[in-house]
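Have the viewer open as you read.

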There are 2 protein chains.
Amino acid sequence: MNNCISEKMFALTQKNSAVREMFEEGRRLAAIHGAENVYDFSLGNPYFPAPDRVKTAIVEVLEQDEPSLVHGYMPNAGFPDVREALAKSLNHRFDTDFTGGNIIMTAGAAGGLNVALKTLINPDDEVIVLAPFFLEYGNYVSNYGGKLVVVPAHSEDFQPNADEIAKFVTEKTKAIIINSPNNPTGVIYSEDTIKKIAAMLNEMQEKYNHPIFLISDEPYRELAYDGAKVPWLTHYYKNTIVGYSWSKSLSLPGERIGYLVIPSELHDFSLVFDAAGIANRILGFVNAPSLMQRAVAKCLEESTDIASYDANRKLLYNGLQAAGFDCAYPQGAFYMWLKTPCDDKEFVKMAKKYNILVVSGSSFACSGYVRIAYCVGTKTIEGALSGFAALAAELGLRPRD
Amino acid sequence: MNNCISEKMFALTQKNSAVREMFEEGRRLAAIHGAENVYDFSLGNPYFPAPDRVKTAIVEVLEQDEPSLVHGYMPNAGFPDVREALAKSLNHRFDTDFTGGNIIMTAGAAGGLNVALKTLINPDDEVIVLAPFFLEYGNYVSNYGGKLVVVPAHSEDFQPNADEIAKFVTEKTKAIIINSPNNPTGVIYSEDTIKKIAAMLNEMQEKYNHPIFLISDEPYRELAYDGAKVPWLTHYYKNTIVGYSWSKSLSLPGERIGYLVIPSELHDFSLVFDAAGIANRILGFVNAPSLMQRAVAKCLEESTDIASYDANRKLLYNGLQAAGFDCAYPQGAFYMWLKTPCDDKEFVKMAKKYNILVVSGSSFACSGYVRIAYCVGTKTIEGALSGFAALAAELGLRPRD
């Protein structure tokens, strides 16, 4: 018998093996050298645990609220009181005037992006992404028959250039996904960058006489260092949908809890908001996990251990610099974007000899770089630095003072 | 500007208003008559709360496990130890030999069905459902471009007939979704029914030379009364995928926690299992909520208050019988399927005059009936019985002794 699974999914099972190889390699190395001697910088899995307040908040919810409320159905968009509290917190932080009626609680940012794309996309609509980018966006767009349009990386500092993006906008452009602080580069898009993108999109909306939605994927929003500001996009562009997750900011990646902000000034707001609620339901999410909705509402002022990520950032950056590597000093997120002096896939292989696991830039549609996720224990960085130095020497780089 | 949201989603926003009307009507009536005088049998939202063990299990997990484990990423299929514990529990209950490698933890049954359909369906593949059915199946199938094929209701007792189903199987049939104990009828498909469906499907697989998957949606599995047995389908048909949710059995509908069982003997097992894990990821679920995964693993022997649902069942059934209505005595789930002596939509309207909210059979693709969800407080049933009696009289029915 043949003709078994979905052709799209079959193709993905064949592609997926590259990622699995990385996992397997990590396990293989750990078995040989001991887990403590393998330096795994491949995953964006936060090392620093959720703040204590998350635990006390969950227990409070269980103690104070009725189980039928805590674990029960609510509107597909989420608990009204949770959404109100969140809107208030956003308003306070970003000088906005949202209500709960602008918020849809989602299963993390991945759930939120899928809801947004399901809501907006007709088959063959185009969605623009800016390389380097989280390749999963391609799967999300493909889920709804959309066509991913990749704007190649076009600047050394990885600040997107609106004029470059404009070349890729067509009659079929329905949305653009941006991500700042950025995975994998650690770059924060500046206010100037955002203003220019907004102006360009407004122009293109006029030209093609239909809305172009800016979908902002913001799981790293609070991970900004040295007082760097992350512009709040609804101030700059009317047709913005913000997707957020507490995966990184509260170290809750397994809980699948986040939200979408859909501002009232968005084109066809009511229609989009209603459709997003229905999309949340019919995609099978139904609603964001209920207990975690109620718990995060009590943690809106909490934050992860940003100082420790910052310490990691400095330690790793200084070590890589000293070894002779080139990489931009990241302003946000927890990724270092290192320029490889050789082919990036070759670099990944060479690094493995020093028990160092990193991800090739090709896995973010941008070769010539690797991503080093420093959301690890400080010891992992300390342990890896001599390996990085040896790798630099092997590649003929000269150490810096 | 025009051309805003997805055409499919636009159509759903227009259809959805019927359901919303029901909600609004409930709220309107509650505002006039007081919530305690409105008898809302429209929703499958469990009235009886989660067992206490759920709360202590959650607290135990928070006390005993590292936050990075509890709230962290794990394989997309779920925590290996949770899946092993679950497999063991299934093996014990159903005399099977699953391992964790047969289990994918999902965001409830809705999440699981979407994962299964995403895994299997190519555009234009046909998926068979048996009326009356949960209309959401149509949206799930449509999510992946599949074509829903509805087998009309064909027997008074709502036991499906394999020969009737066979008439709807074609070269394009990829799967059939069944649901027992059934929403909305409360019927449990008998072993004889299952055996005949399995034989028919085996014959059709031979005929068309490709697998036809039986997707079993089982959120009501444990809600079986009078010792009724719910056949475990993997014993009867090789290409069965079981979808489960703790929404009803532990009153956790808001938590979105359930699983898929994909047996090793399934056609192309490894491929299907791998693809399902990827589907779970790319649909944006990523994984089932992590804390709840760990909590339910401690509650595998727990059960909701089945005795109270059973008491509700008897109270409502006897009341409706005495009033003169015809309805089958349900063996499972928490729904009564009442035969309406008039048009079912008309019946729904008339019932509202008595502050009774029920759902028309047309909402399950089977007119001439209404669904009465008795997952309510016993007082709601007691309060509604005089209204039901008055409605019966208005419809010219004779009370029974």
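Predicted model: local features only at pLDDT ≥ 70, side-chain atom pairs only at ≥ 80, totals over all residues.

Residues are numbered from 1 along each chain as its sequence is written, and chains are lettered from A and ligands numbered from 1 in the order in which they are written.

**Chain A overall**

Chain A has 14 helices and 13 strands; helices (H or I, at least four residues) and strands (E, at least two) are DSSP runs, numbered from the N terminus. Its C-alpha trace spans about 60 × 60 × 55 Å along the principal axes. Of the 401 residues in chain A, 54% are buried. Buried is when 20 or more other C-beta atoms lie within 10 Å of a residue's own, exposed is 12 or fewer, and partly exposed is in between, with C-beta atoms placed from the backbone.

**Two domains**

Chain A splits into domain 1 (7-50 + 304-394) and domain 2 (52-296), with bounds from an automatic or database domain assignment. Their centres, taken over C-alpha atoms, are separated by 27 Å. In the contact, 27 residues of domain 1 of chain A meet 31 residues of domain 2 of chain A; two residues are in contact if their C-beta atoms, placed from the backbone, lie within 7 Å. On the domain 1 side, H12(A) gives the most, with four residues.

**Where the chains meet**

Chain B and chain A put 68 residues each into their contact. On the chain B side, the largest share, eight residues, comes from H6(B). That side divides into 34 nonpolar, 25 polar and nine charged residues. Here Ala, Val, Leu, Ile, Met, Phe, Trp, Tyr, Cys and Pro count as nonpolar, Asp, Glu, Lys and Arg as charged, and the others, Gly among them, as polar.

How do H3(A) and H3(B) run relative to each other? Their axes come within 11 Å and cross at roughly 170 degrees, so the two helices are roughly antiparallel. The axes are lines fitted to C-alpha atoms, for helices over the stretch in contact, and angles run from 0 to 180 degrees between N-to-C directions; roughly antiparallel means over 145 degrees. Lys55, Ile58, Val59 and Leu62 make this contact in both chain A and chain B.

Most residues other than glycine have a negative phi, and most peptide bonds are trans. These spots stand apart:

| Site | Feature | Value |
|---|---|---|
| A:Ala131 and A:Pro132 | cis peptide bond | omega about -5 degrees |
| B:Ser180 and B:Pro181 | cis peptide bond | omega about -5 degrees |
| B:Asp95 | positive phi | phi near 55 degrees |
| B:Arg256 | positive phi | phi near 60 degrees |

B:Asp95, in the loop between helix H5 (80-94) and strand E2 (103-106) of chain B, is exposed, with 9 other C-beta atoms within 10 Å. B:Arg256 sits in the loop between helix H10 (246-249) and strand E8 (258-261) of chain B and counts as buried, with 29 C-beta neighbours inside 10 Å.

Methods
Parallel < 35°, antiparallel > 145°, perpendicular 65-115°, else oblique.
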